[in-house]
Amino acid sequence: MNPKNVGVIKDADGVGEVGNIACGDVMWLYIKIGENEKGEKVIKDIKFKTFGCVAAIATSSKITELAKGKTIEEALKITKDEVAKSLGGLPPVKMHCSLLATDALKEAIYDYLTKNNLPVPEELKKEHERIKKEKKFVEERFKDFVEEQREMTRAEEREKES
Ligand code: FES
């Protein structure tokens, strides 16, 4: 009912854009990276835009709360089961929705690491390849919907910049 951290981040350090092959819902997740007192890279700020069902919005909101303040390594360990559990559980038929949130976070981290020429863990590279394939499938199958949502998100990004 009250999603947290909704919106876009101007000058985000990493952006994850994902689509759900089961239903065609799409999500954007933005991260801003900072450092903690130990000098480790941490997720300083995080926001999302989800065009999907209530479970997708709830899991998106929850992952932003779970990931905020975590190091990159810790954030990559957040699982869809952990997200669902933090929400008090999800109906089995809605579990696929929680994948959108964890995938978007992985993609935003992948985007940040590659943009900054930082080493990408092997597991994350594999996940990126899977997510990329699924996104292509969603874009082809739900082309008009994805384009419409993408244009709305870009418009909001432009508005933030002005
Ligand atoms: S039905 Fe599409 S993400 Fe939930």
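1. Helices here are DSSP runs of H or I with at least four residues, strands are E runs of at least two, and both are numbered from the N terminus. Keep in mind that this is a predicted model, where local features need pLDDT of at least 70, side-chain atom pairs count only at pLDDT 80 or more, and totals for chains, interfaces and linings use all residues. Residue numbers run from 1 along each chain as its sequence is written.

2. How many of the 14 residues of H1 are buried? Twelve are, which leaves the helix mostly covered. Buried means 20 or more other C-beta atoms within 10 Å of the residue's own, exposed means 12 or fewer, and partly exposed is in between, with C-beta atoms placed from the backbone.

3. Just after H1, Gly69 has a positive phi of about 90°.

4. The sheet is open and has three strands in the order E1-E2-E3, with antiparallel pairing. E1 (14–19) and E3 are the edge strands, each with a single partner, so one side of each has no neighbour in the sheet. On average, neighbouring strands are turned by 20° against each other, direction ignored. Pairing requires at least two DSSP bridges between two strands; E1 and E2 have six, in the antiparallel sense.

5. H1 lies across E2 and E3, running at about 170° to E3. H4 also packs on the sheet, touching E1, E2 and E3, and its direction makes about 140° with that of E1. Axes are lines fitted to C-alpha atoms (for helices, over the stretch in contact), and angles run from 0 to 180 degrees between N-to-C directions.

6. The largest nonpolar core has 37 residues, and those with the most contacts inside it are Met27, Leu29, Tyr30, Ala104 and Leu105. At least two residues each come from E2, E3, H1, H2, H3, H4 and helix H5 (122–141), and H4 gives the most, with ten. A core is a set of buried Ala, Val, Leu, Ile, Met, Phe, Trp, Tyr and Cys residues joined through C-beta atoms within 7 Å.

7. Phe48, in strand E3, is buried, with 29 other C-beta atoms within 10 Å. Leaving aside neighbours within four places in sequence, Phe48 contacts Asn5, Val6, Met27, Trp28, Leu29, Ser60, Thr64 and Ala104; contact means C-beta atoms, placed from the backbone, within 7 Å. Asn5 is 43 residues away in sequence, yet 6.5 Å away C-alpha to C-alpha. Under that same exclusion, Tyr30 has contacts that include Val8, Ile46 and Ala108.

8. Overall, the chain has six helices and three strands, in the pattern β-β-β-α-α-α-α-α-α. The radius of gyration is 15 Å, in agreement with the value near 15 Å for a compact globule of 162 residues; this is taken over C-alpha atoms, with the globule rule at 2.2 Å times the number of residues to the power 0.38. Buried residues make up 37% of the chain.

Note on methods. Contact = placed C-beta atoms within 7 Å.
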